[in-house]
Amino acid sequence: MIRGAETLQDLADWFVGWIPVFMAYKRQHGKDKLRPEIQTVIRIITEQYHLPMKVADLASKVGYTENYLSILFKKETGKTITDYITNIRTKNARELLKNPDYKIFEISERIGYADPNHFSRSFKQLEGMYPTEFRKMYFGHRTS
């Protein structure tokens with residue numbers, strides 16, 4: 001195709017046509033694909049975020065030492081395991097906070113925090129506001 005192109009526009013059209021093909025290949029075979037052990041850890045975190053979770057327990061489930069899993073997880077995901085767990089919990093907390101029937105301490109328990117104060121501080125650190133402020137903002141915008 002390249003040798004048969006008669007104009008610069010022919011080359012540009014060919015090149016633009018290959019961009020989606022290349023991106024699909026990159027997604028399938030590139031860095032985006034995590035090791036099976038890391039995928040397993042992510043699955044466990046996603047399914048069990050509401051339970052007490054230790055890095056040592058996750059490491060033993062995939063046959064790694066705690067230190068090796070921590071290094072590998074950070075390398076592959078860009079986040080520490082603890083930050084990843086906190087992000088998953090906070091994401092789920094945001095959804096639960098949209099339901100006024102749940103009290104803050106109930107949400108805290110549902111997402112894996114035994115101490116509602118710790119949950120509130122952690123939420124503020126990630127979201128920039130306390131859970132009560134998030135809830136007020138959410139319902140304030142919903143009724144306007």
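**Salt bridges and nonpolar core**

Arg-35 is partly exposed, its relative accessible area being 32% (buried, under 20%; exposed, over 50%; partly exposed, in between; 1.4 Å probe, protein chains only). The model is predicted, so local features require pLDDT of at least 70 and side-chain atom pairs pLDDT 80 or more, whereas totals for chains, interfaces and linings use all residues. Residues are numbered from 1 along each chain as its sequence is written, and side-chain values use heavy atoms, with hydrogens and water left out.

Four salt bridges were counted, each defined as a side-chain nitrogen of Lys or Arg within 4 Å of a carboxyl oxygen of Asp or Glu. In one of them, Arg-35 pairs with Glu-76, with the closest N and O atoms 2.7 Å apart. This pair links distant parts of the chain, 41 residues apart: Glu-76 lies in helix α4 and Arg-35 in the loop between α1 (8-29) and α2 (helices being DSSP runs of H or I, at least four residues, and strands runs of E, at least two, numbered from the N terminus). Glu-76 is buried, at 16% relative accessibility. A further salt bridge joins Arg-94 and Glu-127 (2.6 Å, N to O); Arg-94 in helix α5 and Glu-127 in helix α7 are 33 residues apart.

The largest nonpolar core comprises 31 residues, of which Ile-45, Leu-58, Leu-69, Ile-81 and Phe-119 touch the most other members. Such a core is a set of buried Ala, Val, Leu, Ile, Met, Phe, Trp, Tyr and Cys residues joined through side-chain atoms within 4.5 Å. Helix α5 gives the most to this core, with seven residues. Contacts of Leu-69 (heavy atoms within 4.5 Å) include Ile-38, Val-55 and Ile-81, residues up to four places away in sequence not being counted.
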